[in-house]
Amino acid sequence: MSYLDDFEKIIREQLERVERMKTAQAAPDFAAMDKIVIGTIDGDGIGPIIMDSCRAILHRLLADEIESGRIELKTIEGLTIENRIEKMQTVPDDVLAAIKECDLLLKGPTTTPGKGDGRPNLESANVTLRRELDLFANVRPVVIPEKNIDWIFYRENTEGEYALGSKGIEISDDLSVDFKVTTTAGTERLARAAFEYAKNNGNKNVSIVTKANIMKKTDGKFLSICREIAEDYPQIKVDDWYVDIMAANLIDDKINSNFNVFILPNLYGDIITDEAAQMQGGVGTAGSANIGGRYAMFEAIHGSAPRMVEDGIAEYANPASLCRAAVMMLRHMGDTDKAQRLEDVLDAAAKDLNMPGDGTGNTAFDFTDYVLKHL
Ligand code: IPM
Ligand code: MG
C-alpha cells in the first residue's frame, strides 16, 4: 500500500526537521556588521509597481548608508511566475542561492497557481521561502488609533496546515487526507518571541488562539506549550480563546481594544490577520515580517492582485503595505529613527491620499512622490 510508504516518508522528514530546529542559527547582530545586504524581490502582478515605489523611498531614506557601503540594496531577479513555471521550481535554485546571500529581504507578492487555472501546480513561493529560510514567526501589527486598537499578531509560519500543505495524499477517488503538524520546538520559539515582545513593550496582554477543543493533538500541544512559556512571564496577563470566537471578538468594539499580542497557529493566523488588516483599512495597508534565525523577510500581507493587472489598473496599487513592511525591516535592523520617520510619512499619506484600488483616486506614482516630498 504505497500511501503507507508516503506517510512514513512524511513523518521521517518532519522528525528530521525537528532535529534541524535544535541547531538553528541565531539572528545576526546588525549593529556589529560592516555591511548589510538587503535583497529586494519584485514578485508578480502589482509587485514590480509597488516595489519600484518602495525601492525609490528606501534609496532616499538610506542614501548615506548606501553611499558609504554599509547597506547594499540588491535586486533579486527571477522570482516570477513565468520563470518559476519555465524551471518547474517554486523558487528556482539560482534565485534561492541569491536570496541566501542576503541578510534581509523585502519581497513583493508572488502568484500561486490555483487548482484549475491551467498552470502547473507549484507550491506557493511564500510557503517555500518561509520553509527554506526557516522564517518561523510571521509578525503582523494592526493599529487603529481611533478605536484605541493596538494589536500585534505572532503567527506560526512554518508548521500547522502549511508544513505539508502540498503533500496531502489522495488515497482514492473517494478519499483525500491532508496533514497538520505541530512541534514542541516550533511552538516554543514562536511563543518565546511573542512573550519577549510583550515584555519589552510594557508587559502587554497576550492571547493564545487555537481550536484545541477539536484539533486535540496539534492545537492541544500548541496551547499547552504557549501556557508553559507563559510561566516564565508571570507579570504578563495571558488568556486563551478558540479561533471562531476570536474572529467575533475582533469586531466587537466593546472588548477588542483589550487585546494586544496574539499567538496563533499558521492557518488561523492567516485568516485572522486578513480580518484585522481589513478593519485597519484593507489588506493593502498592513505590513508583515517573517522572522527566523539567520534570515528575515518582510512583505505586504496582500497578494499579487492579478485582477488589477487584467483590468489595466495596476498603477493604482497601493505601495503602503510593502512600505510598512520596510518600516518593520528598519526596526528589525535597529534603525528605529528612520523607521519612525518613514512610518510618520506613511500615516500622513494614508490620510492625504485616496487609494481605493479600483482605478480611481491616486496612483502608486502619486504615492511615491508624496512620500519622497515629505520624508
Ligand atoms: C499570507 C498569504 C500567504 C499565506 C499565501 C500567499 C500563500 O495569504 O502571507 O498571508 O497563506 O500564508
Ligand atoms: Mg494570508
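Reply: The largest cavity is lined by Glu 156, Glu 159, Gly 160, Val 181, Thr 182, Thr 187, Phe 222, Pro 265 and Asn 266. This is a predicted model, in which local features need pLDDT of at least 70 and side-chain atom pairs count only at pLDDT 80 or more, while totals for chains, interfaces and linings use all residues. Residues are numbered from 1 along each chain as its sequence is written, chains are lettered from A and ligands numbered from 1 in the order in which they are written, and side-chain values use heavy atoms, with hydrogens and water left out.

Rolling a probe the size of a water molecule over the atoms shows where empty space is left. Here a 1 Å grid is laid over the protein atoms alone: a cavity is a set of points where a 1.4 Å probe fits but cannot get out, a pocket is an open set with protein on both sides within 12 Å along at least five of seven lines, and lining residues have an atom within 4 Å of a point. The structure holds one cavity of 30 Å³ or more, and the largest cavity contains about 40 Å³ of space, a volume being the space filled by probe spheres set on grid points that are joined across faces, edges and corners. Its lining has three nonpolar, four polar and two charged residues, where Ala, Val, Leu, Ile, Met, Phe, Trp, Tyr, Cys and Pro count as nonpolar, Asp, Glu, Lys and Arg as charged, and the others, Gly among them, as polar.

Helices (H or I, at least four residues) and strands (E, at least two) are DSSP runs numbered from the N terminus, and helix H6 (125-132) gives the pocket the largest share of its lining, four residues. At least two residues each come from H6, strand S6 (169-172), strand S7 (175-177), H10 and S12.

As for the sheet, 10 strands form an open one with mixed pairing, in the order S2-S1-S3-S12-S11-S4-S5-S10-S8-S9, two strands being paired if DSSP finds at least two bridges between them. Strand S2 (71-76) and strand S9 (238-242) are the edges, each pairing on one side only. Neighbouring strands are turned by 20 degrees against each other on average, direction ignored; axes are lines fitted to C-alpha atoms, for helices over the stretch in contact, and angles run from 0 to 180 degrees between N-to-C directions. Within this sheet, S11 (residues 287-291) and S12 (residues 296-300) run antiparallel and are joined by five bridges, one of which pairs Ile 291 with Ala 296 in S12. Helix H10 (residues 266-280) packs on the sheet, touching strand S4 (137-144), strand S5 (149-156), strand S8 (206-210) and strand S10 (261-264), with contact meaning heavy atoms within 4.5 Å. The direction of H10 makes about 155 degrees with that of S5.
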